[in-house]
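Have the structure open and follow along as each residue comes up.

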Amino acid sequence: MAQGLIEVERKFVPGPSTEERLQELGGTLEHRVTFRDSYYDTPELSLMRADYWLRQREGSGWELKCPGAAGVSGPHTEDTELTAEPSIVVQLCEVLGTEVPGAGGVAAVLGPLGLQLVASFVTKRSAWKLVLSGADGEERLLRVDLDTADFGYAVGEVEALVHKEAEVPAALEKIHHLSSLLGVLEQERAPAKLIVYLQRFRPQDYQRLLEVYGSKEKP
């Protein structure tokens, strides 16, 4: 698979004082932004059921989240992100078991690969960043996104981006530390916006994913 950054993240339910707490911890508000995410898959959800998540974000382009390391457990997820369209097309064809249909970007292969719009919604986000020092004295930049979707669901996410699998444990330690400082319970899980969207508006698709993941929330 083409190489991409490894995204280590943990989702949580934000409270009314979460932003205030981030300020107290030295966090910096980078921006507030509103955007639309559109997710694509086959009618059978072949991508999502294989743990691949194809998204087009308004103003940012295409992204494909691919499975991270096997055996990840706990209330966090680990994924590899692809954002270069040629890499995304190659990976999509590999997952779906088809030949690469000539030159062109992601939009050009949606039809040939049988991909269609599955979900689309608008999110209001406040994006924060802060630096935490670990027990080893090493500092790591963490990002915290606080999102509210246009269908009324709010979720927070603590995220670190690393280049190598060996960097994941240190990033994870800092994510859990920051989560505890924000008052997040150790085993708290919060579903992703897409999962809640499917649960509310496409219950048959939601059931398809439950058959694969059970209670483990993706993406």
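A residue counts as exposed when its relative accessible area is over 50%, and as buried when that area is under 20%, with partly exposed in between. Keep in mind that this is a predicted model. With that cut-off, glutamate 211 counts as exposed because its relative accessibility is 61%. Glutamate 211 sits in helix H7, which spans residues 203–213.

Which residue does glutamate 211 pair with in a salt bridge? The partner is arginine 49, and the closest N and O atoms of the two are 3.6 Å apart. This pair ties together distant parts of the chain, with arginine 49 in helix H2 (residues 46–49) and glutamate 211 in helix H7. The two residues are 162 positions apart in sequence, yet their C-alpha atoms are 8.9 Å apart in space. Arginine 49 is partly exposed, since its relative accessibility is 33%.

**Other salt bridges**

The model has 17 salt bridges in total. Three of them are set side by side here, the pair just described included.

| Salt bridge | Closest N and O atoms |
|---|---|
| Arginine 21 and glutamate 24 | 3.2 Å |
| Glutamate 30 and arginine 143 | 2.4 Å |
| Arginine 49 and glutamate 211 | 3.6 Å |

Glutamate 30 and arginine 143 form another link between distant parts of the chain: glutamate 30 belongs to strand E2 (residues 28–41) and arginine 143 to strand E7 (residues 139–149), 113 residues apart. Glutamate 30 is partly exposed at 35% relative accessibility, and arginine 143 is partly exposed at 30%.

Arginine 21 and glutamate 24, by contrast, belong to one helix, H1 (residues 18–24); because they are 3 residues apart there, about one helical turn separates them. Is each of these two exposed or partly exposed? Arginine 21 has a relative accessible area of 28%, so it is partly exposed, while glutamate 24 reaches 53% and is therefore exposed.

Salt bridges also join up into a network, whose members are Glu7, Glu9, Lys11, Lys65 and Glu157.

**A buried lysine**

Now for a charged residue in another setting. Lysine 193 lies in helix H6 (residues 193–201). Is lysine 193 buried or exposed? Its relative accessibility is 11%, so lysine 193 counts as buried. The side chain of lysine 193 makes a polar contact of 2.9 Å with that of aspartate 147. Leaving aside residues up to four places away in sequence, lysine 193 touches a set of residues that includes Asp147, Phe121, Phe151, Tyr153 and Val155.

**The nonpolar cores**

In soluble globular proteins, nonpolar side chains tend to be buried together. In this model, the largest nonpolar core has 21 residues. Those with the most contacts inside that core are Met48, Trp53, Phe121, Phe151, Leu194, Leu198 and Leu209. Which elements each supply at least two residues of this core? They are strand E6 (116–133), H6 and H7. H6 gives the most, with 5 residues. A second, separate core has 20 residues, among them Val8, Trp128, Leu146 and Ala171.

Definitions and conventions: Residues are numbered from 1 along each chain as its sequence is written. This is a predicted model: local features need pLDDT of at least 70, side-chain atom pairs count only at pLDDT 80 or more; totals for chains, interfaces and linings use all residues. Side-chain values use heavy atoms; hydrogens and water are left out. Helices (H or I, at least four residues) and strands (E, at least two) are DSSP runs, numbered from the N terminus. Buried means under 20% relative accessible area, exposed over 50%, partly exposed in between (1.4 Å probe, protein chains only). A polar contact is a pair of N or O atoms within 3.5 Å; within protein, one must be able to donate a hydrogen and the other to accept it, and residues adjacent in sequence count only if both atoms are side-chain atoms. Contact means heavy atoms within 4.5 Å. A salt bridge is a side-chain nitrogen of Lys or Arg within 4 Å of a carboxyl oxygen of Asp or Glu. A nonpolar core is a set of buried Ala, Val, Leu, Ile, Met, Phe, Trp, Tyr and Cys residues joined through side-chain atoms within 4.5 Å.
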